[in-house]
Amino acid sequence: MKISGCMTRNVKVANPEQSIRAVAAMMDELDAGIIPVGENDRLVGMITDRDIVIRGVALGRGPDTRVRDVMSSEVRYCYEDEEIEDALENMGDLQVRRLPVLNRDKRLVGIVSIGDLARNGEIMEAGQALSGISQPGGEHSQTAH
């Protein structure tokens, strides 16, 4: 199955100039812990609740801090026409639970989570990816920075 068959479409996108307070409110409204960041019709980053806490609050930054100052600008993604197995393997290798989904013109068309993939029949592969995700370390590790 292709990613396009199980991804979430119509994803809300943050602007890099928004405050982390506004994005935290967006996360609350959506019941989500991650929001893509877009500028000029391009994906320029991702912001997580963890980014807000670790790169914002923990460093003494206030609620009016710009998203640009705490977001992850190195974005890992997958394409909508990729196979689910490939995305799961990448999630495990990258130690992430969600990936933004782009079309081949590199425009954001959705987001896919490990749960989306598991619910679509890829239970064994999702388990393997989760095992990789759960290994100590990784880009968002508390000890990596």
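The questions and answers below walk through a predicted model. Residues are numbered from 1 along each chain as its sequence is written. In this predicted model, local features need pLDDT of at least 70 and side-chain atom pairs count only at pLDDT 80 or more, while totals for chains, interfaces and linings use all residues; side-chain values use heavy atoms, with hydrogens and water left out.

User: Is Ser 113 buried or exposed?
Analyst: Ser 113 lies in strand S5, residues 108-113. Strands are DSSP runs of E with at least two residues, helices are runs of H or I with at least four, and both are numbered from the N terminus. Buried means under 20% relative accessible area, exposed over 50%, and partly exposed in between (1.4 Å probe, protein chains only). Ser 113 has 16% relative accessibility, so it counts as buried.

User: How many residues of S1 are buried?
Analyst: Strand S1 covers 34-39. S1 has six residues and is largely enclosed by the rest of the structure. The number of buried residues in S1 is five.

User: In which sense do S1 and S2 pair?
Analyst: Two strands pair if DSSP finds at least two bridges between them. S1 and strand S2 (residues 42-48) share six bridges. Ile 34 stands opposite Thr 48 in S2. The sense of the pairing is antiparallel.

User: Which residue takes a positive phi in the hairpin of S1 and S2?
Analyst: This hairpin has two residues between the strands. The positive phi is near 55°. The residue that takes it is Asn 40.

User: How far apart are the closest N and O atoms of Glu 17 and Arg 68?
Analyst: A salt bridge is a side-chain nitrogen of Lys or Arg within 4 Å of a carboxyl oxygen of Asp or Glu. Glu 17 forms one with Arg 68. The pair links distant parts of the chain, 51 residues apart. The closest N and O atoms are separated by 2.9 Å.

User: Which residue forms a salt bridge with Asp 81?
Analyst: The closest N and O atoms of this pair are 2.9 Å apart. Asp 81 lies in the loop between S3 and helix H3 (84-94), and its partner in the loop between strand S4 (98-102) and S5, so the pair ties together parts 23 residues apart in sequence. Asp 81 is partly exposed at 37% relative accessibility. Its partner is Arg 104.

User: How many salt bridges does the count come to?
Analyst: Arg 21 and Asp 64 form one of them, with the closest N and O atoms 3.2 Å apart. Salt bridges that share partners also join Glu 17, Glu 39, Arg 66, Arg 68 and Asp 69 into one network. The count comes to ten.
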